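Let's walk through this protein together, one step at a time. Keep the picture in view as you read.

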Amino acid sequence: MDRKGAPQLHFNGQFYRINGKPNKDGKINWRCVVTNCSGACATYNSNIGQEVLLVSLKDIHNHATSPTKLYNLERRRKIRTKAENSDERPRKIINELDDNYE
Ligand SMILES: [Zn+2]
């Protein structure tokens, strides 16, 4: 399977994947990535990296949020932000962040 081609939506520490095709209005339904969880939401945009407006949300989950995954995402975002504002090489920046989190 092509993992790269599957956008994921992140909201409130939960992750959602696209559930089926967009409907006639272009509304996209998302389901929680956890099997058997009924958490769901809908948006009108599925572009990776873009902020989206939730048009409906069922933020009821039968599991905890995923702090590890969230941490990784947040860390990646911080590295990117810092890399944009710095002349330092990315490798150096990553090392610095690792130190900060320990
Ligand atoms: Zn869930």
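What you see is a predicted model, in which local features need pLDDT of at least 70, side-chain atom pairs count only at pLDDT 80 or more, and totals for chains, interfaces and linings use all residues. Residues are numbered from 1 along each chain, as its sequence is written.

How confident is the predictor? Its confidence in each residue is the pLDDT, from 0 to 100. The protein averages 78, and 72% of the residues score at least 70. Among the elements, strand 4 has the highest mean pLDDT (94), while helix 2 (residues 90-101) has the lowest (56).

Now look inside. The largest nonpolar core has seven residues: Leu9, Tyr16, Ile28, Trp30, Cys32, Cys41 and Ala42. Such a core is a set of buried Ala, Val, Leu, Ile, Met, Phe, Trp, Tyr and Cys residues joined through C-beta atoms within 7 Å. Strand 3 (28-32) and strand 4 (40-43) each give two or more residues to this core, and strand 3 gives the most, with three.

Finally, find Cys32. Beyond its neighbours within four places in sequence, Cys32 is in contact (C-beta atoms, placed from the backbone, within 7 Å) with Gln14, Tyr16, Cys37, Gly39, Ala40 and His61.

Conventions:
A residue is buried if 20 or more other C-beta atoms lie within 10 Å of its own, exposed if 12 or fewer, and partly exposed in between; C-beta atoms are placed from the backbone. Helices (H or I, at least four residues) and strands (E, at least two) are DSSP runs, numbered from the N terminus. Two residues are in contact if their C-beta atoms, placed from the backbone, lie within 7 Å. pLDDT is the predictor's confidence in each residue, from 0 to 100.
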